[in-house]
Amino acid sequence: MKHTLPGDIERTSMSIIASELAARGIALPPEHEAVVKRVIHTTADFDYVHTMRFTPGAVERGQAALLRGTPIVTDTNMAKAGVSRPCLETLGCGLHCFMAEPEVARLAKERGLTRAAVSMDKAAREYPGAVLAVGNAPTALLRIAELIEDGLRPALVIAVPVGFVNVAESKETVFAACESHGIPAIAAMGRKGGSNVAAAICNALLYGATETLDPAARGWS
C-alpha cells in the first residue's frame with residue numbers, strides 16, 4: 001500500500017491541496033499559505049480559502065512571538081492536545097488551558113458566566129501577552145474583545161470557534177477589536193472552525209517558527 005508513513009502522507013496531502021488550489025485558479029498570499037493549507041489539511045474543506053482572515057503581518061508577528069517563547073492559551077483541552085509538543089519544547093513556549101479548573105468553574109457559576117469567559121480572565125491575569133487560541137467558545141472571544149478594550153494586548157488572537165449561536169458575530173467583534181488596537185489576529189469567519197482548526201493554526205505557526213513545515217524536518221519519514 002502506498003503512502004503509509006506519516007511524513008509521506010502529509011507531503012502527498014499537501015501536494016494534492018496545492019494541485020486543487022491551482023485547478024481552482026487560487027493563488028494564496030505567500031505569507032498566509034502555510035496557515036491556510038494546514039487548515040485545509042486538517043479539515044479537507046476548501047471553504048477556508050475564502051473565510052480565513054488575517055490582520056496585516058499576523059503570521060509574521062505570531063511566529064515572532066513564539067520565537068520569543070510566548071505561551072499559548074487555548075479555550076479547550078482538545079485544542080491543547082493537538083498542538084505540537086516538540087515545537088513548543090524547542091521554542092520554550094508554555095501551553096495552557098484553564099477550562100477544567102475547579103476555580104474557573106466556581107467563578108463562572110458565581111458570576112453567571114461561561115467557563116470559557118472566566119478562563120480568558122485568568123489568561124489575561126497570568127499570561128497577558130499570550131497567544132490566545134479559541135476554537136470552540138464564542139463567549140471566550142467576546143470576553144477577549146472586552147479585555148482588549150480594557151487594555152489587554154495579546155501577542156495574537158486565533159478566532160475560530162464553530163457553531164450557530166453568536167459564533168460569526170463573536171469573530172467579527174474580536175477581529176474588529178484587534179484591528180482597532182493593532183493586535184495580530186487570524187480568524188475563520190462564519191460558522192466553521194473548531195478546536196482542531198485552532199490547533200492546526202498554532203501548528204502552522206510553530207512549524208514556520210521552527211522551520212519544520214516539511215515533516216522530514218520533524219523527523220518523520
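I began with helix α8 (residues 115-126) and helix α9 (residues 138-149), which pack at an angle of about 40° with their axes 7 Å apart. Axes are lines fitted to C-alpha atoms over the stretch in contact, and angles run from 0 to 180 degrees between N-to-C directions. That makes α8 oblique to α9 (under 35 degrees is roughly parallel, over 145 roughly antiparallel, 65 to 115 roughly perpendicular, the rest oblique). I noted the crossing of α8 and α9 as right-handed.

The model is predicted; local features need pLDDT of at least 70, side-chain atom pairs pLDDT 80 or more, while totals for chains, interfaces and linings use all residues. Residues are numbered from 1 along each chain, and side-chain values use heavy atoms, without hydrogens or water.

Next I listed the contact (heavy atoms within 4.5 Å). From α8 come Ala-116, Ala-117, Met-120, Asp-121 and Ala-124; from α9 come Thr-139, Ala-140, Arg-143, Ile-144 and Leu-147. I sorted these residues into seven nonpolar, one polar and two charged.

I then took helix α1 (residues 6-23) and helix α2 (residues 30-43). Their angle is about 110° and their axes lie 10 Å apart. The two are therefore roughly perpendicular. Glu-10, Ser-13, Met-14, Ile-17, Ala-18 and Leu-21 of α1 meet Lys-37, Arg-38, Ile-40 and His-41 of α2. That contact divides into five nonpolar, two polar and three charged residues.

Last, I checked helix α4 (residues 58-67). Its buried residues (under 20% relative accessible area, 1.4 Å probe, protein chains only) are Ala-58, Val-59, Gly-62, Gln-63, Ala-65 and Leu-66. They fall within an arc of 155° seen down the axis, so they line one face of α4. The face turned away carries Glu-60 and Leu-67, both exposed (over 50%). Gly-69 follows α4 with a positive phi, near 85°.

Definitions and conventions: Helix = DSSP H or I, 4+ residues; strand = E, 2+ residues; numbered from the N terminus. Arc of directions from axis to C-beta. Left-handed = near helix turned anticlockwise from the far one by under 90°. Nonpolar A, V, L, I, M, F, W, Y, C, P; charged D, E, K, R; others polar.
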